[in-house]
Amino acid sequence: MKQATEIAEGVAPPSKAASQHHEQRIERLIGRLPERLQTIIRWLRRPGLRWIRVLAGLLFIAGAFLSILPVFGIWMLPLGLMLLAEDISPVRRVRDRFLDWIERHRPHWFAGTDASSRTKASTPRSSSPAGADSCAGTHQ
């Protein structure tokens, strides 16, 4: 009986605080998108639109494979996976690990969503003189 309890505890859903933390990170990333895309993504993330979200996620992933065409691009792959992660738990675990990696390596992506923080994050912080290497300070 003890083993069944331990196994059940091992597959228990994540705590409310952990899922709230993941939701906040996703919202901060959505906040960095253009206004129109933010509206569409937030609409797709509504709980009642599961089948539309799955279909859109699959279409985005398919579009990523057509990235040689002008309208499509590789940017569609992570967006499609993020949409699928809302409903498919194995993809959600991969998404959460990926968000952890991003948070460790690119913390400024989660810093803020207002225009001033976007400007600060996108401008290089270089103190090099005017004639120095123009790429200095752009890699983090």
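Below are my entries, in the order I made them.

**Ground rules.** I am working with a predicted model, where local features need pLDDT of at least 70, side-chain atom pairs count only at pLDDT 80 or more, and totals for chains, interfaces and linings use all residues. I number residues from 1 along each chain as its sequence is written, and side-chain values use heavy atoms, with hydrogens and water left out.

**Overall fold.** I counted 7 helices and 0 strands, taking helices (H or I, at least four residues) and strands (E, at least two) as DSSP runs numbered from the N terminus. Along the sequence I read the pattern α-α-α-α-α-α-α. Of the 140 residues, 26% are buried (under 20% relative accessible area; exposed is over 50%, partly exposed in between, with a 1.4 Å probe and protein chains only). I then looked at contacts (heavy atoms within 4.5 Å) between residues at least 6 apart in sequence, and 39% of them join residues at least 24 apart.

**H2 against H6.** I found these two helices packing at an angle of about 65° with their axes 11 Å apart; axes are lines fitted to C-alpha atoms over the stretch in contact, and angles run from 0 to 180 degrees between N-to-C directions. Their crossing is left-handed, meaning that the near helix is turned anticlockwise from the far one by less than a right angle. From H2, I listed His-21, His-22, Arg-25, Ile-26 and Leu-29; they meet Arg-95, Asp-96, Leu-99, Asp-100 and Glu-103 in H6. By class, I have 3 nonpolar, 2 polar and 5 charged residues in this contact (Ala, Val, Leu, Ile, Met, Phe, Trp, Tyr, Cys and Pro count as nonpolar, Asp, Glu, Lys and Arg as charged, the others, Gly among them, as polar).

**Val-91.** I stayed in H6 for Val-91. Is Val-91 buried, partly exposed or exposed? I call Val-91 partly exposed because its relative accessibility is 24%. Leaving aside residues up to four places away in sequence, Val-91 touches Leu-81, Leu-84 and Ala-85.
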